[in-house]
Amino acid sequence: GALSHAANHSLLWMTSAAALALVRGHSGRRAAAQGLVSVVATSALVNLVVKRIGRRQRPDRAAVEVPMARHVRMPASLSFPSGHSAVAFAFATGVGNQLPVVAGPLHALAGVVAYSRVHTGVHHPSDVVVGSVLGTILAQLTTHGLDHFDNRH
């Protein structure tokens, strides 16, 4: 629950980006920027467009017997796809494309965030799988676009 909460409003990813920028110098700042741009693009597309198409309601925690101890606040937004999962994988992919040494740990953290959304009962498993894949793809497109832009200027 704590990790799921830490990922609210991309706080976990903004904090990670700040740490990368401070610790890893120029390459860390560039990786952090690519990760955050990927987060913004993914969050906007998933939350403003894709969720409206998916129109899936949140799980009924009582029906699937999620213990009260695991509960976090149930979001008011639609369930499909998981925005937390999409953003987590977008950040990990965006940063990893620029700074491969941290790709593995960030993807592992993204996986745990995605799992936490099912564990706490706020998403169906397919919500987090699709969100994770979407975040990865959107970050690859975003970073490719940024690289293309950088090479032209």
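**Exercises on a helical core**

The largest nonpolar core of this predicted model has 21 residues, and those with the most contacts inside it are Trp-13, Leu-20, Phe-91, Val-95, Val-102, Leu-106 and Val-113. Here a nonpolar core is a set of buried Ala, Val, Leu, Ile, Met, Phe, Trp, Tyr and Cys residues joined through side-chain atoms within 4.5 Å, and buried means under 20% relative accessible area with a 1.4 Å probe, protein chains only. In this predicted model, local features need pLDDT of at least 70 and side-chain atom pairs count only at pLDDT 80 or more, whereas totals for chains, interfaces and linings use all residues. Residues are numbered from 1 along each chain as its sequence is written, and side-chain values use heavy atoms, with hydrogens and water left out.

**Exercise 1.** Determine which elements give two or more residues to this core.

*Solution.* The elements, which are DSSP runs (helices H or I, at least four residues; strands E, at least two) numbered from the N terminus, are α2 (11-23), α3 (25-54), α4 and α5 (103-119). Of these, α4 gives the most, with six residues.

**Exercise 2.** Work out where the buried residues of α2 lie around its axis.

*Solution.* First, the buried residues are Leu-12, Trp-13, Ser-16, Ala-17 and Leu-20. Next, seen down the axis, they fall within an arc of 135° (taken from the directions from the helix axis to the C-beta atoms), so they line one face of α2.

Technical notes
Buried means under 20% relative accessible area, exposed over 50%, partly exposed in between (1.4 Å probe, protein chains only).
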